[in-house]
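Open the model in your viewer and keep the sequence panel beside it. We will go chain by chain, then stop at a sheet and at an interface.

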Amino acid sequence: MTDTLLEVDHLTVRLRVEGRPRSVLRDVGLRIGPGEAVGLVGESGSGKSMTARAIGRLLPERAAVEGTIRFQGADVAGLTGSDLRRYRSQVAMIFQDPRAHINPVRRIGDFMTEALRTNLGVRSAEAARRAVEMLAQVGIEDGERRLRQYPHQLSGGLLQRVMIAAALLTEPRLLLADEPTTALDVTTQAEVMAILDDLRRELHLGMLFITHDLELAAAICDRTAVMYAGQVVEVSASARLHDDPLHPYTAALTAARPDITRAASRLRAIPGRPLSAFEAPDGQCAFAPRCAHALDACRETAPEMTELDGGLSRCLRAGELRGKLATESESTESESTESEAADA
Amino acid sequence: MPEPVLEVAGLRKEFGELVAVDDVTFTVPAAGSLAIVGESGSGKTTVARMIVGLEHPTRGTITACGNDRSKPTRAARDRRRRGREVQIVFQDPYTSLDPRQTAEQTLSEMIRLHHGWAADRRRARVTELTELVGLDSRQARALPRSLSGGQRQRVAIARALAAEPQVLILDESVAALDVSIQAQVLNLLAEIRDQTGVSYILISHDLAVVRQLTDQAIVMHRGQVVERGATAQVLDDPQHPYTQRLRASVPRPGWKPARRPVAAAATDGEASP
Amino acid sequence: MGATALLNEAEVRPPGTGFLGRLRATGPAGLASAGVIVIATFAAFFGSLLAPYNPVETNLALAWVGPVGGHLLGFDGQGRDVLSRLLAGATTSMLGPLAVVILAMTAGTLLAVVAAWRRGAVDAMISSGLDILFAFPGILLAVLAAAVFGAGLPAAAIALAIAYTPYVARVLRGAALKERGQPYVAALEVQGVSAPGICLRHLVPNMLPLIIAQATIMFGWAMVDLAAISFLGLGVQPPNPDWGVMISENQTGIPQGYPLPALSAGICIVVVVVAFNVLGERLFAEVDR
């Protein structure tokens, strides 16, 4: 489909860590349509950040990459030189910690206009004008003053807004947001999320929104993909994830989270700890050791993605478990305590 | 009514011109649990640091287990005694353990610090503590770099409990953990409270965690307590506008973030004018 | 649950931990340097015993005679076997710098830790004191020491140690401040561990890689400075065998066409100093990683 903005197919990435090759992504697949927001949710080691980096061509040089990433039909992996620079102005990335990605000794204005001036040849005055306009769009009214300030003079929330504005200046088609609000206070988070959502709709941008928080993803993403141990295990309409999860991991994750409306005597914790891609054994379901629904078959065969009612689930029992997974969250919480020794 | 195990009255902390904590008062009953809810800049961590003696209050009093601790003390003996009253578990599991000590060594050192026991009795107590927090013997003998975040927090909890404190301050202690691990540690904390009767002070910005673990809550904003009450009440029926805004900002099914009016938003989050 | 064990086994153990691991991680250059240092240390301890001929007995008839028979490096200007003098000289040539390193590292670490622990006024005072000490180059202090206390190794070693202390303190103060600010130190304070207890049992051990790297490089500096001081006649006194003294004594042989005695002593110094420098630099690189 050439009108898909981003297509990721069978993406497998191996990195050399301390001399040994380690799998960080295993057979990851994703689709993002123009103007569509897709959430990518997972815990540590799930590969969600790595997926964004692979798409953003930010992997280390010696990474072994298999599979394809196509942006507007063109293969991304082979881009070099001016093609690569153009790609970077089309696909913008926002990171979790803005301070780690902004040069502290240069002014905000320099940072924001750099890509415009060097990659797109826009004149300084014009670039500054656009920057001020974009700052207004993210809710920063006194743009001219801000352009002259240094990063340390801005709070985390303000700086993240600046990052978003900077990312949007090159008029990208796709935004990769890697946990952009995780380091922010919850009230600031709500504000920044609202800005992202508004701007995305207004500018008809595609977005890949990475987070560990299922509900946060659901707030602004139409579809959400859930990752575990370097693989995508579920893709579904965001609204559906909470009440009708298609994969046991999604259900377990939702059930493990404390509820702001009531205190449970004990939470339904998942035994063990989240696996990283390189720890997951081949030839079986990576989640099986921790899964309440695992059968012997789950430990002997690697499950493929099954289509279910417009969603996808990487579970051998997806069909038969359909509709039964969500009800666990509401039933009694008594069973979770036994097998909870500190595997995590 | 039994003596409260911790009392804080009129606590104030100034850093030069900045008032980080302004007239904070609260009590924690024995075997109770209090949440101090707030965002960055609220002063909640400064309050915790003053209680454990890492920060010097500008004004106000702090009393733990009936003993005054309004000023930090340098005398090691007093600090040890205070250590047996109030302990703390920090947020970052990656820097809150000595990288060169195994869990067993750390616990052994703490036990030796507080009790003059023979090696056998110390070892038995170390085992008791590691079992209490759910660490197996292999993990207890591992260095922190071989342990995951959740395991390290367990060690940190065990270390705090080695002093047998009456009050345990949890300063965002589960904030850095994955959701599935956070659930395990929250269950562990509930278990520990049931078994040992320790009181918790939970410093957190995460309202769901606050709901799960605490009975009472105070909400801090810019150094002041703006609301207090039973946790359930504060969360279900917030009275103060800030608490209401906090509550409304929490993602939940069906939640849609909304932008605030520009005037209000522009003055927020200023690092410096 | 069997799966639990499987999950536990999967923790990643990074290589390069522990003493041997660190050494291995310094690569072939680091290992070769370590080898040289081991040989030099061995010579320092057993040199006198291993020396095939008497290192101090003079025999002017044999002055400047080249390598012959069992005398692999020939004779020096006083007719003494060069190889034996080199081996015997290893003792002072290695022990002198060792004393300097021990003194400077101890003083420097102490000052750095106290400054980092107490911070504020104490830190400012110590830093000012160190700034003053920085003004004195090692050799200058050694000359002063020789003038006051007479020439000799002890005075020279102490003078150098004083001159090196501020370098150590400056490098370690940063690391000490960083450790001091870590939450685990705060946790120990809250437990009630005494300040000296925290510094000795926790702070310093966590700075050990840096301390070892610094000590290693410093050994090289001290060896060069002490050799220079002995060359000037202010350190080890002739006729004691010492590599620096040997260069001084035998420098007249070079224009006469007998470079071997002076050169061989010089090469020993250079080889050992380079070994310490290379190993020290590699260790520093490991610390930063």
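Helices (H or I, at least four residues) and strands (E, at least two) are DSSP runs, numbered from the N terminus. This is a predicted model: local features need pLDDT of at least 70, side-chain atom pairs count only at pLDDT 80 or more, and totals for chains, interfaces and linings use all residues. Residues are numbered from 1 along each chain as its sequence is written, and chains are lettered from A and ligands numbered from 1 in the order in which they are written.

**Stop 1: chain A**

Select chain A. Color by secondary structure and look for 12 helices and 12 strands. Along the principal axes, the C-alpha trace spans about 65 × 45 × 40 Å. The radius of gyration (taken over C-alpha atoms) is compared with a globule rule, 2.2 Å times the number of residues to the power 0.38. For 344 residues a compact globule would come near 20 Å; chain A has 21 Å, which agrees. Buried residues make up 51% of chain A. Buried means 20 or more other C-beta atoms within 10 Å of the residue's own, with C-beta atoms placed from the backbone; exposed means 12 or fewer, and partly exposed lies in between.

**Stop 2: chain B**

Switch to chain B. Here there are 11 helices and 10 strands. The C-alpha atoms fill a box of roughly 65 × 40 × 40 Å along the principal axes. With 273 residues, a compact globule would have a radius of gyration near 19 Å, and chain B has 19 Å, which agrees.

**Stop 3: a sheet in chain B**

Strands pair if DSSP finds at least two bridges between them. Show the 4 strands of chain B that form an open antiparallel sheet, in the order S2-S1-S4-S5. Its edges are S2 (18–28) and S5 (67–68) of chain B, each pairing on one side only. Zoom in on S4 (residues 59–64) and S5 of chain B: they pair antiparallel over 2 bridges. At this end, Ala64(B) has Asn67(B) in S5(B) as its bridge partner.

**Stop 4: where the chains meet**

Which chain does chain B contact, and with how many residues? In chain B, 47 residues are in contact with 47 residues of chain A. Contact means C-beta atoms, placed from the backbone, within 7 Å. Select helices H6 (149–162), H7 (179–196), H8 (207–213), H10 (241–248) and H11 (262–267) of chain B: each gives two or more residues to this side. H7(B) supplies the largest share, 8 residues.

Note on methods. Two residues are in contact if their C-beta atoms, placed from the backbone, lie within 7 Å.
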